Amino acid sequence: MKKILLLFGGNSYEHEISCKSAKTILENIDKNKFDITPVGIHKHSWYIFNDNLDLLTQNKWLEGHIQKIDNIIEFIKQFDKVFPIIHGNDGETGDLSGLFNLFNIPYVGSNIKGHSISYDKEITKIICSYHNIPQVPYITLHKNKKIKKINLDFPVIIKPSSCGSSIGINIANNYKELNKCIKTAFKYDNKIIIEKFIKARELECAILEKNNKIIPSIIGEIKSKNTFYDYESKYILDSNLIIPANLPNNIIKQIQDYSSQIFKILSLKDLSRIDFLYDIDSNKIYFNEVNTIPGFTSISMYPQLLNHQGISIKELITILLK
């Protein structure tokens, strides 16, 4: 039986989402094949968690039965594989991948290069643009740089360049709103992206790598309760997920082809979720962003897309841990 270390928590704004993802994995992993140990990270300290899983969704796992790990490296060396379900900083930045590489510890997910490139939206855009993958017009702004005019028509959408779960993202309809949104975005990153906002359908494709073969899923659509798919509409208002999305066959194929291509050119591994915008008026697809450690919560699009394609979450976890 394989010994698996499940890492959750972390030091990003997505800590709570990671805890919920961990609960889903713990509830669905094949316990006949895997002996799993959940370990939470909080302020760079690591703790074995051994308590009621409901504490994970209540964000109270630190109040449960936990045991601090003193020698982290020696501890993780005893496992056959690590499953880091840490969204945002530490996980999707590639920092944990670097740690595992140093000590030759097998793990689920992309290497340092894949994570770090994908976590920076500007770098991702530059690489995808080089490969002629269509994107919405945008500009980049660094902290402490003044902005008087932008070469984009309002409305625009402002987002931190390196942050997930739609945190710090807002829409501006004029320069007064723009400056306010810029200040908000800079709370989360020193570099921000300002994009032309288009009224479009929000579509997502899951990628699973199985036996060195890239498998793109069917396409899912998000019907956001808000103007766009922000943090509130993702995790509080329960926006509708439509699986499969009602799309023309050529658009489905286009998204799947782009998703597979992006997975390759960004040097990703094992899994990812790749998001697109579909402008119905122009009948055009635009690449939006990539998530190298997509959510595994009970409402997350990634496992639901693959489940609809005949891969249950138990089977999905087994594939990733092989």
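This is a predicted model: local features need pLDDT of at least 70, side-chain atom pairs count only at pLDDT 80 or more; totals for chains, interfaces and linings use all residues.

Me: Is Asn-32 buried or exposed?

Reply: Asn-32 is exposed, because its relative accessible area is 70% and anything over 50% counts as exposed.

Me: How many Å separate the C-alpha atoms of Asn-32 and Ile-251?

Reply: Those two C-alpha atoms are separated by 41 Å, and the residues are 219 apart along the chain.

Me: Which residues gather with Lys-33 in a patch of positive charge?

Reply: The patch on the surface brings together Lys-31, Lys-33, Lys-210, Lys-314 and Lys-322.

Me: Let's move to salt bridges. How many does the count come to?

Reply: The count comes to 15 salt bridges. One of them joins the side chains of Glu-16 and Lys-20, at 3.9 Å from N to O.

Me: Where do Glu-16 and Lys-20 lie?

Reply: Both are in helix α1, 4 residues apart, which is about one turn of the helix. As a rule, an α-helix has 3.6 residues a turn, so residues three or four places apart point the same way.

Me: And how accessible is Glu-16?

Reply: Glu-16 is partly exposed, at a relative accessible area of 31%. Lys-20 also counts as partly exposed, at 23% relative accessibility.

Me: What about Glu-221, which side chain does it meet in a salt bridge at 2.7 Å?

Reply: That would be Arg-201, with the 2.7 Å taken from N to O. This pair links distant parts of the chain, since Glu-221 is in strand β11, Arg-201 is in strand β10, and they are 20 residues apart.

Me: Are Glu-221 and Arg-201 buried or exposed?

Reply: Glu-221 and Arg-201 are both buried. Glu-221 counts as buried because its relative accessibility is 3%, and the cut-off for buried is under 20%.

Me: Which side chain meets Glu-221 in a salt bridge at 3.8 Å?

Reply: Lys-223 does, again with the distance from N to O. Lys-223 counts as partly exposed, at 41% relative accessibility.

Me: New topic: helix α7. Which of its residues are buried?

Reply: Helix α7 covers residues 175-185, and its buried residues are Leu-178, Cys-181, Ile-182 and Ala-185. They are on the same side of α7, because they cover an arc of only 105° around the axis.

Me: And which residues are exposed on the other side of α7?

Reply: Lys-176, Lys-180 and Lys-183 are exposed there.

Me: Now the backbone. Which residue does a cis peptide bond join to Pro-155?

Reply: Phe-154, with omega at about 0°. Pro-155 lies in the loop between β6 (138-142) and β7 (156-160).

Me: What is the peptide bond from Ile-243 to Pro-244 like, cis or trans?

Reply: The bond from Ile-243 to Pro-244 is cis, with omega near -5°. You'll find Pro-244 in the loop between β12 (240-242) and α9 (249-265).

Me: What about phi? What is the value for Lys-43?

Reply: Lys-43 has a positive phi of about 50°, although it is not a glycine. Lys-43 lies in the loop between β2 and β3 (45-49), and it counts as exposed at 63% relative accessibility.

Me: Last one: what is phi for Asn-211?

Reply: Asn-211 has a positive phi of about 55°, and it is not a glycine either.

Me: Where is Asn-211 found?

Reply: Asn-211 is in the loop between β10 (201-210) and β11 (213-223). Asn-211 is exposed, with a relative accessible area of 70%. From C-alpha to C-alpha, Asn-211 and Ile-242 are 29 Å apart in space, and they are 31 residues apart in sequence.

How values were computed:
Residues are numbered from 1 along each chain as its sequence is written. Side-chain values use heavy atoms; hydrogens and water are left out. Patches are made of residues with over 30% relative accessible area and no salt bridge: like charges are joined within 9 Å, nonpolar side chains (Val, Leu, Ile, Met, Phe, Trp, Tyr) within 5 Å. Accessible areas come from the Shrake-Rupley method with a 1.4 Å probe; for residues, only the protein chains shown count as cover. A salt bridge is a side-chain nitrogen of Lys or Arg within 4 Å of a carboxyl oxygen of Asp or Glu. Lys and Arg count as positive and Asp and Glu as negative; His and the chain ends are not counted. The place of a charge is taken as NZ of Lys, CZ of Arg, CG of Asp or CD of Glu. Buried means under 20% relative accessible area, exposed over 50%, partly exposed in between (1.4 Å probe, protein chains only). Helices (H or I, at least four residues) and strands (E, at least two) are DSSP runs, numbered from the N terminus. The arc is that of the directions from the helix axis to the C-beta atoms.
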